[in-house]
Amino acid sequence: MVRLRKLNKYYGAHHVLKNIDLDVSHGEVVVIIGASGSGKSTLIRCINGLEEFQQGQLRVDGHDLRPYGKATRALQTIRTEVGMVFQQFNLFPHLNVRDNITLAPTKVKGKSMAQAMEIAERLLDRVGIRDQADKYPSQLSGGQQQRVALARALAMEPRLMLFDEPTSALDPEMIGEVLDAMRELARDGMTMMIVTHEMGFAREVADRVIYIHQGEIVEQGRPDEVFDNPQNERTRSFLSRVLKH
């Protein structure tokens, strides 16, 4: 589904991603961990074309993205086939929940409103907030808003879902409801790349955990391998800090 070869990303003179090599298979759940500023979010933003990269190869579901963000048909296709959920919910405040979800299927996918409404009802059921369909974002809790954002991304019928620390802006009591919705996606076989600080969740749902340090992949493996027996000293140091809390 995703193939990166010698991917390099710079912000001016700052080298953010350094020779990233990574394959993600269809149906695989890959969780990316690392300290803040290590390049985790930049990596997944490159994958759906939100960030340009300067060197290397990047292929998503058979479509090649070019360095320097050059507009191509592949970029347009990827943006319709890759869903993304951000730290902030980014819902349209002037639209109710149902309209937030039906907008993309009608405007981007060319679905009829009846089809889009059916999709919205099904997805709101799936994330457990069908009874909130007529409310506006300001009337919802943070956890509810993030589940609407997840349903909105799924309404595009993506082949790959990217998550950029989806629970980091939530109060602790709301984190579980969003993670539950993501667990359901993983059980259904959705290909997912997840940047998170929720180590228990990573251990539970990931097929593979990747640790990034200063823009480099320094360790990857099954959750039990990475969490219980890390081979790299930088991984051990990072986990010793985060697993204490």
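What is the volume of the largest pocket? In this predicted model, the largest pocket has a volume of about 460 Å³. Its lining is made up of 19 residues, and those closest to the centre of the pocket are R79, V82, M84, F86 and M156. Four elements of secondary structure each supply at least two residues of the lining: the helices α2 (73-81), α3 (97-107) and α5 (142-154), and the strand β6 (82-85). Strand β6 gives the most, with four residues. Sorted by class, the lining of the largest pocket consists of 13 nonpolar residues, four polar residues and two charged residues.

The chain as a whole contains nine helices and 10 strands. Its radius of gyration is 18 Å, close to the 18 Å that the globule rule gives for 245 residues, so the chain is as compact as a globular protein of that length. Taken along the principal axes, the box filled by the C-alpha atoms is roughly 50 × 45 × 30 Å. The accessible surface of the chain comes to about 11,500 Å², and carbon and sulfur atoms account for 45% of that surface. Of the 245 residues, 53% count as buried. Among contacts in the chain with a separation of 6 or more, 64% are between residues 24 or more positions apart.

A149 lies in helix α5, one of the helices that supply at least two residues of the lining of the largest pocket. The relative accessible area of A149 is 6%, which is under the 20% limit, so A149 is classed as buried. When residues up to four places away in sequence are not counted, A149 touches V85, F89 and L91. The C-alpha atom of A149 is separated by 11 Å from that of F163, a residue 14 positions away along the chain.

With neighbours within four places in sequence left aside, T167 is in contact with I175, V178, L179 and E198. T167 and T196 are 29 residues apart in sequence, and their C-alpha atoms are 7.8 Å apart in space.

Backbone angles were also examined. Two residues, K6 and Q214, have a positive phi although neither is a glycine. For K6 the angle is about 50 degrees, and the residue lies in strand β1 (residues 2-11). K6 has a relative accessible area of 48%, which is between the limits of 20% and 50%, so this residue is partly exposed. For Q214 the phi angle is also about 50 degrees. Q214 is placed in the loop between strands β9 (208-213) and β10 (216-221). The relative accessibility of Q214 is 52%, and because this is over 50%, Q214 counts as exposed.

Definitions and conventions
Residues numbered from 1 in each chain as written. Predicted model: local features only at pLDDT ≥ 70, side-chain atom pairs only at ≥ 80, totals over all residues. Heavy atoms only, no water. Buried < 20%, exposed > 50% of the residue type's maximum accessible area, 1.4 Å probe, protein only. 1 Å grid on protein atoms, 1.4 Å probe; cavity = no way out; pocket = protein on both sides within 12 Å on 5 of 7 lines; lining within 4 Å. Points joined across faces, edges and corners; volume = space filled by probe spheres on them. Nonpolar A, V, L, I, M, F, W, Y, C, P; charged D, E, K, R; others polar. Rg over C-alpha atoms; globule rule 2.2 N^0.38 Å. Contact = heavy atoms within 4.5 Å. Areas by Shrake-Rupley, 256 points an atom, 1.4 Å probe, with all protein chains shown as cover.
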